[in-house]
Amino acid sequence: MAVESRRVSATLWVILLGVALLSVMPFAWVVCGSLKPHLEIQRGNVWPWQPYEVEKPAGQHVTLDNYRKIADKLSGLPTYYFNTVYLAMAGTFLTLLVGSLAAYGFAHFRFAGNKLLFTLLLLTIMIPGEVTLIGQYELMFKLRLYDKIAGLLTAYTAGHLLLVIFIMRNVFVSIPQDLVDAAMIDGAGTWRVFWEVMVPIGRNGLAACAILTLLGIWNEFLFALTFTSTEEVRTLPVGITMLKGQWGLFNSGVLFATVLLSFLPIVLIFILLQKYFVRGLSAGAIKA
Amino acid sequence: MSYPPDAARDVCVPAARDGRLPSRSAGVSRWRRRHHRKGWLYVLPALLLFTLMIVYPIVRSFYLSFLDYSILEPDSARFVGLDNYARLLFQRQNHEPFWHTLYFTAIFVPAYVVLALLIAMMLNRLKRGSVALRTAIFTPVVVSLAVSAVMWTLFYNPAFGLAHKMLAGAVGAANRAAALLGAGPLGAVPDGGVLADRRWAMIGIALMCLWNGIGINIILFLVGLQRIPEELYEAAVVDGASGWRRFWHITLPQLSPTIYLVVLLSLIGAFKLFGQPFIMTAGGPEDSTLTYVMRLYNLAFRYGKFQLGYASALAYALALFIFGISLLVRKLNRPVE
């Protein structure tokens with residue numbers, strides 16, 4: 001029995017190792033490609049152990065030239081980066097603030113229309129984003145928010161609100177009433193109860209919401225593509241598709257480096273905070 | 001998750017304020033009403049933002065879907081009733097994208113769900129030392145679809161792409177195996193690259209989506225698997241049930257809510273396919289990867305006519321289709337429970 005189970009788990013290890021390798025290989029390959037000049041890549045010499053065939057100096061294996069070209073501001077990457085980081089951080093903060101306040105309102109106050117309103121909100125999940133996209137596009141012009149970071153910020157905040165409200169309402173409802181009572185006996189108003197009871201106790205839920213919102217904004221493509229048209233307001237996902245056209249044909253090495261720089265920070269953060277990410281993703285999915 | 005929350009605290013607080021035990025007096029109930037009305041204040045900011053940015057656009061799109069409307073000439077808009085919906089059903093340019101999307105769903109979703117379940121079950125069996133494996137397997141999930149699409153365009157490049165070489169190797173091996181069995185070659189990876197061939201392009205996109213997204217489904221299945229009580233399996237082992245029977249009679253039924261969720265999310269995701277083909281193939285070659293949402297996007301923003309009315313009708317048809325699919329999946333899921 002023990003021998004058999006050891007054999008089974010060895011088999012599992014081998015299979016899963018294969019899956020893991022397949023998952024990681026594209027990353028490793030991009031790292032290798034980013035260290036090669038264009039002509040060598042075009043000849044298929046992507047791996048670092050392959051020496052230069054046409055590029056000078058002959059016999060060299062790797063170079064940092066691609067990164068130098070990006071650093072020399074030849075690429076719009078820094079702008080895209082700044083916009084995306086700004087949107088992700090500001091959007092996450094706003095969504096969490098507005099969303100958890102509303103969740104608190106829904107969870108702990110029995111005002112007239114509470115249930116009805118919440119049900120109506122629930123119903124809108126059925127509507128896919130493509131429907132909202134068209135109405136919002138027009139709205140962006142009316143509000144003079146087209147091609148502005150503020151426009152995307154509003155759209156993203158509104159777009160992730162429901163998720164935060166649902167998750168946080170469940171969290172807040174499960175907070176024991178005794179704690180709220182105790183705080184109120186100490187003279188705390190509802191506002192202080194929110195900050196001193198709800199937020200600290202609900203921090204795991206908030207972390208999950210933050211991760212989901214952050215990832216959602218970081219990855220968003222369709223709305224950013226539709227609501228922006230100039231270089232200054234482009235986000236990373238939209239910008240990198242432009243860079244694909246700009247670098248792909250004549251400077252694939254720079255494209256490799258661009259791709260690497262686009263996924264590196266989020267992948268590093270993911271590896272560091274893996275536990276929270278997985279928890280956040282599963283929390284969000286269970287809500288959906 | 002009981003609602004309304006415990007009513008007792010309503011009377012507790014005013015008691016503390018005036019230092020007397022609460023009585024069910026008019027004062028208490030007025031305090032209670034005032035207290036609960038404060039809920040509006042907390043809900044209001046979210047409600048305003050949501051109404052402006054989500055509810056209004058939804059209603060506006062619905063209205064537009066009955067108009068012949070272009071944002072370039074808002075004044076010449078006219079009401080056309082159900083014309084847009086009739087056009088979307090009968091116009092041939094809409095049929096192809098619909099079938100492409102259905103084709104993508106058919107080749108992508110089964111692999112996306114079944115492989116994820118298999119990998120999750122294997123990960124769940126590993127008791128120790130699987131953290132590194134899990135991290136590696138989940139990492140592609142955090143890469144945005146745009147970055148991963150650009151990455152895989154390089155990956156599929158016929159001159160230097162690793163995936164191109166690996167696919168060619170795999171297809172070559174399959175052909176040799178077929179030759180041993182006396183069959184002719186099964187196929188060949190096109191020399192111009194996967195994305196430049198109309199029969200292969202969608203498969204290439206599906207493989208990329210699999211790499212990028214399967215981690216989500218694995219996580220969901222893992223959460224579901226961990227919720228199954230261990231005692232069920234122990235009892236089954238005592239009864240002498242084989243591994244296959246344990247899977248069929250315990251894992252699958254216990255997992256059915258998760259399966260429902262995963263299948264539904266995967267189907268919806270597949271049906272909304274847009275960014276990946278937009279970036280990797282721009283709908284080509286010969287429109288073979290032109291999806292439904294891409295058609296919608298093109299009508300609304302690409303063809304220069306900004307036909308927001310017609311595009312709205314397409315969006316609402318998509319909403320209806322997704323709604324129908326969720327009803328269907330729910331119905332199919334019932335007997336398993």
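This is a predicted model: local features need pLDDT of at least 70, side-chain atom pairs count only at pLDDT 80 or more; totals for chains, interfaces and linings use all residues.
Within chain A, helix H4 (residues 77-108) packs against helix H12 (residues 236-247), their axes coming within 8 Å and crossing at roughly 165°. Because angles over 145 degrees count as roughly antiparallel, H4(A) and H12(A) are assigned to that class. The crossing of H4(A) and H12(A) is left-handed. H4(A) contributes Leu77(A), Tyr80(A), Tyr81(A) and Thr84(A) to the contact, and H12(A) contributes Leu236(A), Gly239(A) and Leu243(A). Five of these residues are nonpolar and two are polar, while none is charged.

Helix H3 (residues 83-90) of chain B and helix H13 (residues 308-333) of chain B have axes 9 Å apart and pack at an angle of about 70°. Since the range of 65 to 115 degrees counts as roughly perpendicular, H3(B) and H13(B) are described as roughly perpendicular to each other. H3(B) and H13(B) cross in a right-handed sense. From H3(B), the residues Asn84(B), Tyr85(B), Arg87(B) and Leu88(B) meet Gly309(B), Tyr310(B), Ala313(B), Leu314(B) and Ala317(B) of H13(B). This contact contains six nonpolar residues, two polar residues and one charged residue.

Leu314(B), listed above in the contact of H13(B) with H3(B), is also in contact with Arg295(B). Arg295(B) lies in helix H12 (residues 292-302) of chain B. With 24 other C-beta atoms within 10 Å, Arg295(B) is classed as buried, because the criterion is 20 or more such atoms. Apart from neighbours within four places in sequence, the contacts of Arg295(B) are Asn94(B), Pro97(B), Leu290(B) and Leu314(B).

Helix H7 (residues 162-180) of chain B was considered individually. H7(B) has 19 residues and spans 27 Å from its first C-alpha to its last, close to the 27 Å expected at 1.5 Å a residue. Its buried residues are Leu162(B), Ala163(B), His164(B) and Leu167(B). Just after H7(B), a positive phi of about 90° is found at Gly182(B).

Key
Residues are numbered from 1 along each chain as its sequence is written. Chains are lettered from A and ligands numbered from 1 in the order in which they are written. Helices (H or I, at least four residues) and strands (E, at least two) are DSSP runs, numbered from the N terminus. The expected span of a helix is 1.5 Å times one less than its number of residues. A residue is buried if 20 or more other C-beta atoms lie within 10 Å of its own, exposed if 12 or fewer, and partly exposed in between; C-beta atoms are placed from the backbone. Axes are lines fitted to C-alpha atoms, for helices over the stretch in contact, and angles run from 0 to 180 degrees between N-to-C directions. Angles under 35 degrees count as roughly parallel, over 145 as roughly antiparallel, 65 to 115 as roughly perpendicular and the rest as oblique. A crossing is left-handed if the near helix is turned anticlockwise from the far one by less than a right angle, and right-handed if clockwise. Two residues are in contact if their C-beta atoms, placed from the backbone, lie within 7 Å. Ala, Val, Leu, Ile, Met, Phe, Trp, Tyr, Cys and Pro count as nonpolar, Asp, Glu, Lys and Arg as charged, and the others, Gly among them, as polar.
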